[in-house]
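Open the structure in your viewer and keep the selection tool at hand.

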Amino acid sequence: MTDQPPPPTSSPGSGEPDPSDPSSPAGSPGHAGPPTGWGPGMPPIGPSSGPAGPPPGWDPAQGAWGAAPPPQGWAFPPTGGYPPGSGPYGGQPWYPGPPVGWYPPGYGFDPNDALVTPPGAGIGGWFNRCWGALRRGWRQLVPIMLLTQVLPAAVLSVVSLGLDPSAKWAAQAESTSTPALPDNFAAELLSLLVLLVGGSLVVGLVQAVGWAAGTWVITQQAAGQPASLESALRYGLRRALGLWGWTLVVSLLIGVGVCFCVLPGIYLAFALSMAGPVYLFERHNPIGRSFRMFHDRLGLLLGRAALVAVAVLVGTLIPGGLEGIGTSALGTDPFSSAGTAAGTVVVIGITAVLALPAHLAQMIGLLVTYAEQRAHEAPVNTAGLAAELG
């Protein structure tokens, strides 16, 4: 019991809904009490509030209160928004996150990569990586080149010089006053050609072992992985046959090009300079890929390949000239006696070793050039290239 009078109730005809009527919607304009979303400290709603805008919580689209403001951290689109550091304005210094163009560790361009020259590093970066490859791997690369490049070339030179019938032909021509072909000229010439062609094919196969093995050593060491001589030669033997086959195709194309006024052969030598590395790393379409690399970045690849060509020419012409001078001093038939034969073998062996820097420059220079070309196509690093070698 209380002495207070009961609260006034509206009559059914007053135009105000009965709060006890369940059909009366809460929060409607005739509802008694504050509307939903109203709280202390909010401006009053009514004529006295003036021309102020709708109160917080009012949703004009729904025509009702109750639409709460966006929570803290809300972003559009509703999938969670852009990740930190990305989006149209990502990487600004006053926002957290990596700068624009940044790649996670282990992916993308690394200015300190030991093998891949990133775009923009220039000829200096290319030279540094070539020198770094030689400095890291000379203990393995020198034996590989001696076994697979220098020794086979020296053996072929000794054998071909020993079986060369030109000295006998010259002696027969001097002994007769009537010009005539030497005896057994056709048979001896054919035997010499078979020896040179067959020997070159065998030497090319052995050299393919060295190219594959040396490429594996350089890439593994640049990636920070161990690279023993035995493992390198096993890898070279596994990949030599395919590399040798593509090298034959490239050599045939260059030879045909040389027959057409030399210049087409020079063009093909440069355009196909990446065929070997393309086969070792990508295993498909080395000729087409090499052509595309050459024409996509003509100046860059032509400049790098020209430097390699100059090094190879200087490194082979000088030893070749010394070999010719040394063997000619031993007579027209140096194998006529044991002394001159031994001297000939020594001269050929020394000059073949002098050509070792040319073999190293060719392999390292073309490999580093190939890695640089790959970097211009897409982000790549040494670890990825080492995985492609298998």
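A residue counts as buried if its relative accessible area is under 20%, and as partly exposed between that and 50%. Keep in mind that this model is predicted.

Select Trp-126. Its relative accessible area is 4%, so Trp-126 is buried.

Show both side chains. A pair of aromatic rings is described by the distance of the centres and the angle of the planes. For Trp-126 and Phe-127 the centres are 5.1 Å apart and the planes stand at 70°. Planes over 60 degrees apart count as edge-to-face, so that is the label for this pair.

Next, select Phe-281 and Tyr-370. Here the ring centres are 5.2 Å apart and the planes are at 25°, so the pair is stacked. Phe-281 belongs to helix α6 and Tyr-370 to helix α10 (residues 356-377), so the pair links parts of the chain that are 89 residues apart. Both Phe-281 and Tyr-370 are buried.

For an aromatic cluster, select Tyr-267, Phe-291 and Phe-294.

Finally, colour helix α4 (residues 229-259) and helix α6 (residues 275-282). How far apart are their axes, and at what angle do the helices pack? The axes are 10 Å apart and the angle is about 140°, which makes α4 and α6 oblique to each other. The crossing of α4 past α6 is right-handed. To see the contact, select residues including Tyr-235, Leu-243 and Trp-246 in α4, and Ala-275 and Tyr-279 in α6. The contact residues divide into seven nonpolar, two polar and one charged.

Definitions and conventions:
Residues are numbered from 1 along each chain as its sequence is written. This is a predicted model: local features need pLDDT of at least 70, side-chain atom pairs count only at pLDDT 80 or more; totals for chains, interfaces and linings use all residues. Side-chain values use heavy atoms; hydrogens and water are left out. Axes are lines fitted to C-alpha atoms, for helices over the stretch in contact, and angles run from 0 to 180 degrees between N-to-C directions. Helices (H or I, at least four residues) and strands (E, at least two) are DSSP runs, numbered from the N terminus. Angles under 35 degrees count as roughly parallel, over 145 as roughly antiparallel, 65 to 115 as roughly perpendicular and the rest as oblique. A crossing is left-handed if the near helix is turned anticlockwise from the far one by less than a right angle, and right-handed if clockwise. Contact means heavy atoms within 4.5 Å. Ala, Val, Leu, Ile, Met, Phe, Trp, Tyr, Cys and Pro count as nonpolar, Asp, Glu, Lys and Arg as charged, and the others, Gly among them, as polar. Rings of Phe, Tyr and Trp (its six-membered ring) pair if their centres lie within 6.5 Å; planes under 30 degrees apart count as stacked, over 60 as edge-to-face and the rest as tilted. Buried means under 20% relative accessible area, exposed over 50%, partly exposed in between (1.4 Å probe, protein chains only).
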